Amino acid sequence: MKLYYKPGACSLAPHIVACEAGLPVDLISVDLIQKKLDDGADYFAVNPNGYVPALDIGEGPVLTEASVIVQYLADQKPEARLMPQAGTVERYRAQQWLAFIATELHKQFSPLFKPNTPDATKEIQKELLAKRFGFLDEALAGKTYLMGESFTAPDAYAFTVLSWADRLKLDMSAFANIARFKAAVSARGGVQQALREEGLA
Ligand SMILES: N[C@@H](CCC(=O)N[C@@H](CS)C(=O)NCC(=O)O)C(=O)O
């Protein structure tokens with residue numbers, strides 16, 4: 001399998017899941033500004049939307065959407081228990097987290113990285129994110145991970161997007177459970193491996 005990625009971007013989430021599952025993936029770096037690969041190839045030919053992550057699974061077009069790719073990877077190694085079994089209520093709870101992270105966190109962060117986003121819009125985004133962080137912080141009370149005591153794919157995705165709060169120097173001092181969660185995830189072997197492989201450790 002080939003994972004198209006950019007260091008520290010949302011593609012870190014599937015990368016973490018692959019490392020935690022012990023699944024070998026070839027990492028292909030993407031220049032997201034030029035939409036080119038290192039060899040000059042056009043990334044739009046891989047993913048017409050031009051974004052990462054994309055996963056080449058060796059059949060058909062690449063899989064896209066971080067929330068889906070992490071599930072595909074987790075399902076390749078069910079014994080690693082990175083997603084609950086399909087069809088169970090727990091699976092839907094994990095999918096609920098993935099959808100929340102994708103739409104209420106990931107995509108609310110995105111305008112903060114764009115140089116042409118007006119400051120007023122950035123402030124609105126930060127206020128919205130603070131509300132969502134509050135919800136997440138409460139949900140993490142008394143738990144190590146989002147689904148309880150076992151690390152699952154939503155943790156990889158949440159950890160990835162929460163790391164952007166540091167990059168953007170957002171004030172996270174009100175969210176002690178999030179801080180504890182990030183420390184617990186960061187201490188994991190598979191997470192450290194992914195960070196090292198992206199040059200971030
Ligand atoms: N809908 C996609 C969005 C992925 C996304 O926003 N990727 C960002 C990096 S975190 C990206 O590649 N941005 C460059 C671009 O959109 O041109 C998903 O959920 O995976």
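Reader: Hi! Which domains is the chain divided into?

Author: Hello! This is a predicted model, and its chain is divided into domain 1, covering 2–80 + 190–197, and domain 2, covering 89–188.

Reader: Thanks. What distance separates the centres of domain 1 and domain 2?

Author: Taken over C-alpha atoms, the two centres are 20 Å apart. In the contact itself, domain 1 takes part with 17 residues and domain 2 with 15 residues.

Reader: And how much area do domain 1 and domain 2 bury between them?

Author: About 1,400 Å², with 62% of that on carbon and sulfur atoms.

Reader: Which three residues supply more than any other three of the area that domain 1 buries against domain 2?

Author: Those are Cys10, Gln71 and Val191, which together supply 29% of the area on the domain 1 side.

Reader: Nice. How many salt bridges are there between domain 1 and domain 2?

Author: Two salt bridges are counted between the domains, and the structure as a whole holds six.

Reader: Could you walk me through a couple from the whole set? What does Glu20 form a salt bridge with?

Author: Glu20 pairs with Arg188, and their closest N and O atoms are 2.8 Å apart. This pair links distant parts of the chain, since Glu20 sits in helix H1 (residues 12–21) and Arg188 in the loop between helix H6 (176–186) and helix H7 (189–197), 168 residues apart. Another salt bridge joins Asp75 to Arg91, where the closest N and O atoms are 2.9 Å apart.

Reader: Switching to pockets now. What volume does the largest pocket have?

Author: Its volume is about 800 Å³. The lining is made of 26 residues, and the ones nearest the centre are Cys10, Leu32, His106, Lys107 and Ser110. The elements giving two or more residues to that lining are strand S2 (26–31), helix H2 (66–76), helix H3 (89–109) and helix H5 (153–167).

Reader: What about the second largest pocket, how much space lies in it?

Author: That one holds about 290 Å³. It is lined by 16 residues, and closest to its centre are Arg81, Leu82, Met83, Pro84 and Gln85. By class, the lining has seven nonpolar, four polar and five charged residues. Here too, domain 1 and domain 2 each give at least three residues.

Reader: One last thing, on peptide bonds. Which residues does a cis peptide bond join?

Author: Val52 and Pro53 are joined by a cis peptide bond, with omega about 0°. Pro53 has its place in the loop between strand S3 (36–37) and strand S4 (54–56). For context, most peptide bonds are trans.

Technical notes:
Residues numbered from 1 in each chain as written. Predicted model: local features only at pLDDT ≥ 70, side-chain atom pairs only at ≥ 80, totals over all residues. Heavy atoms only, no water. 1 Å grid on protein atoms, 1.4 Å probe; cavity = no way out; pocket = protein on both sides within 12 Å on 5 of 7 lines; lining within 4 Å. Points joined across faces, edges and corners; volume = space filled by probe spheres on them. Helix = DSSP H or I, 4+ residues; strand = E, 2+ residues; numbered from the N terminus. Nonpolar A, V, L, I, M, F, W, Y, C, P; charged D, E, K, R; others polar. Domains from an automatic or database assignment. Contact = heavy atoms within 4.5 Å. Buried area = accessible area lost by both parts, 1.4 Å probe. Salt bridge = Lys/Arg side-chain N within 4 Å of Asp/Glu carboxyl O.
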